[in-house]
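Work through the exercises below with the sequence and the structure side by side. Try each task on your own before you read its solution.

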Amino acid sequence: MSGIPAHSGAEGVVCTGLRHEYVVDGSPVVALDDVSLRVEAGATAAIIGPSGSGKSTLLTLLAGLQRPTAGSVFVGETDLTALDERRLLRLRATRLAVVAQNPFRNLLPYGTCVDNLLFAQRAPRSHGRSDLPAIEPLLDEIGLSRVAGTRCDRLSGGERQRLALAAALATGPSVLVTDEPTSQLDSVTGAAVADLLVSTAVSRGVTVIAVTHDTALASRMDTRFRIADGRLVP
Ligand SMILES: Nc1ncnc2c1ncn2[C@@H]1O[C@H](COP(=O)(O)OP(=O)(O)O)[C@@H](O)[C@H]1O
Ligand SMILES: [Mg+2]
């Protein structure tokens with residue numbers, strides 16, 4: 001059809017020689033330089049490092065939200081950097097899920113939990129996915145059954161972050177990338193979200209890559225990549 005294989009469970013993520021420059025006041029600013037890493041299909045990985053080190057930039061490149069200045073990003077067998085806009089959009093809709101740092105950026109504030117999951121499924125469905133996860137078991141697994149009919153803007157911070165995670169998983173992704181998923185939560189709620197992130201993603205066969213300052217979350221992941229001044233460090 002469009003030359004992109006259909007979703008087929010977890011997929012690995014491999015980037016090689018990634019470089020990203022932003023242009024600021026007409027001059028290039030190097031945000032990432034020569035970053036190569038591999039996350040196996042179904043594994044979990046944390047990206048850690050100080051503020052301004054390039055973590056969010058790396059995440060946007062892995063999620064196909066920006067194109068790198070140089071280097072390649074493979075999701076499974078597909079090189080994101082070789083796709084035209086239409087194919088990239090389709091790949092993002094059908095195989096990649098992103099949970100932004102602020103859960104409201106992922107969610108409809110006036111929609112209920114159920115509304116939000118149905119809405120999240122529109123894009124993958126419109127691109128031909130007919131095997132999306134059932135909503136009720138997903139809400140149950142994420143611990144939101146009790147508030148399934150509650151409006152998002154009436155949920156607690158922890159419930160909202162869980163709903164953002166559920167909305168991402170509702171798209172049936174093979175890879176989920178998330179930027180600071182626990183940063184706006186207290187430590188107990190954060191630990192519960194971290195548990196869910198790891199357990200539900202693994203049980204659903206999703207590769208997870210999370211940027212985090214949360215050492216408790218990072219320690220639960222299979223691999224940790226440390227980044228400083230735009231480069232991976234040991
Ligand atoms: N949209 C942008 N335009 C210009 N510079 C940016 C932009 N986003 C990030 N940067 C710069 O790129 C570097 C890495 O930023 P970022 O990826 O946000 O790091 P982190 O997520 O680790 O805090 C920083 O120097 C930052 O100022
Ligand atoms: Mg960041």
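**Exercise 1.** Determine in which sense strand 3 pairs with strand 8, and over how many bridges.

Solution. Strand 3 and strand 8 (residues 207–211) run parallel to each other and are joined over four bridges; strands here are DSSP runs of type E with at least two residues, numbered from the N terminus, and two strands pair if DSSP finds at least two bridges between them. As a next step, pick out one bridge: isoleucine 47 has valine 211 of strand 8 as its partner. Then turn to strand 9 (residues 223–228), which also pairs with strand 3 in the parallel sense over four bridges, and where arginine 226 is the bridge partner of isoleucine 48.

Before going on, note that this is a predicted model, in which local features need pLDDT of at least 70 and side-chain atom pairs count only at pLDDT 80 or more, while totals for chains, interfaces and linings use all residues. Residues are numbered from 1 along each chain as its sequence is written, chains are lettered from A and ligands numbered from 1 in the order in which they are written, and side-chain values use heavy atoms, with hydrogens and water left out.

**Exercise 2.** Decide whether the residues of strand 3 are buried or exposed, and which way they point.

Solution. Start with the count: in strand 3 (residues 44–48), five of its five residues are buried, where buried means under 20% relative accessible area and exposed over 50% (1.4 Å probe, protein chains only). Next, sort them by direction: Thr44, Ala46 and Ile48 point one way, whereas Ala45 and Ile47 point the other way, and all are buried.

**Exercise 3.** Find the order of the strands in the open sheet of four strands, and name its edges.

Solution. The order is 2-1-4-5, with antiparallel pairing. At the edges lie strand 2 (27–39) and strand 5 (78–79), each of which pairs on one side only. Strand 1 and strand 2 are linked over nine bridges, and in one of these contacts glutamate 21 has valine 30 of strand 2 as its bridge partner.

**Exercise 4.** Identify the polar contacts that oxygen atoms of ligand 1 make with glycine 52 and threonine 57.

Solution. A polar contact is a pair of N or O atoms within 3.5 Å. A polar backbone atom of glycine 52 is 2.6 Å from an oxygen atom of ligand 1, and for an N or O atom in the side chain of threonine 57 the distance is 2.5 Å.

Definitions and conventions:
Polar contact = N/O pair within 3.5 Å; in protein donor to acceptor, adjacent residues only side chain to side chain.
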